[in-house]
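The following exercises are to be worked through with the sequence and the model in view. Each task is followed by a solution in steps.

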Amino acid sequence: MHQVLLEFKEYEKEVDLDFVRKAVRAIGHCAIKLERAAERCISVLLKLIKIKVNYVIQEAIIVIKDIFRRYPNIYESIIATLCESLDTLDEPEAKASIVWIIGECAERIDNADELLESLLETFPEEPAQVQLQLLTATVKLFLKKPTEGPQQMIQVIDTNFWRFLHQVETYSF
């Protein structure tokens, strides 16, 4: 398994972006399917994130979300590293993934409210997929940390709610 992961990691240097994305997803699939390899896969994904190649970071965050779903409360020590890349995310699936992670682990992220608040600034312009995750994550944050900050964020979402509903109606699940 170690050799396979090293091979997948080497693919990040390829010119074909689609191929690189598929290699990163393959690492995530290995983690999900082979529990004994999950920790090594996470380690490889973190190394890929630290290379600071935007499309690699985005794919890594997407697969890490799936790993978090498969193994809840196990690899949360890497959340800070993931959140450092928040400002560089521009693909809807990657943004929605990091928002899901923040909402799911909100009580263990000191600045979860600040992270979500920064994303709420562009709420009306975000794709429906990201808006749905922002809505869900903000409610989760409020339920887990019922303070004034999350309550105000819900009001920001409420202000944009009708536009949001219109977009959800046209969004295909």
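Contact means that heavy atoms lie within 4.5 Å. Helices (H or I, at least four residues) are DSSP runs, numbered from the N terminus. The model is predicted: local features need pLDDT of at least 70, side-chain atom pairs count only at pLDDT 80 or more, and totals for chains, interfaces and linings use all residues. Residues are numbered from 1 along each chain as its sequence is written, and side-chain values use heavy atoms, with hydrogens and water left out.

**Exercise 1.** Determine which helices the buried residues of α6 pack against.

Solution. Step one concerns the length: helix α6 covers residues 92-104, and its 13 residues should span 18 Å at 1.5 Å a residue. The expected span is 1.5 Å times one less than the number of residues. The end C-alpha atoms of α6 are 18 Å apart, which agrees.

Step two concerns burial (buried: under 20% relative accessible area; exposed: over 50%; partly exposed: in between; 1.4 Å probe, protein chains only). Ten of the 13 residues of α6 are buried, so the helix is largely enclosed by the rest of the structure. Among them are Lys-95, Ser-97, Trp-100 and Ile-101.

Step three gives the partners: the buried residues of α6 pack against α4, α5 (79-83), α7 (112-120) and α8 (128-144).

**Exercise 2.** Is Lys-65 buried or exposed, and which residues is Lys-65 in contact with, leaving aside its neighbours within four places in sequence?

Solution. Lys-65 lies in helix α4 (residues 54-70). Its relative accessible area is 11%, so Lys-65 is buried. With those neighbours left aside, its contacts are Ser-97, Trp-100 and Ile-101, and these three are listed with the buried residues of α6. Trp-100 also has the charged end of Arg-69 over its ring, 4.7 Å from the ring centre. The criterion is NZ of Lys or CZ of Arg within 6 Å of the ring centre and within 35 degrees of the ring normal.

**Exercise 3.** Identify what Val-63 touches, not counting residues up to four places away in sequence.

Solution. Val-63 is placed in helix α4 and, at 5% relative accessibility, counts as buried. With the sequence neighbours excluded, Val-63 touches Val-24, Arg-25, Gly-28 and Leu-45. The C-alpha atoms of Val-63 and Ile-42 are separated by 9.7 Å, the two residues being 21 apart along the chain.

Key
Helix = DSSP H or I, 4+ residues; strand = E, 2+ residues; numbered from the N terminus.
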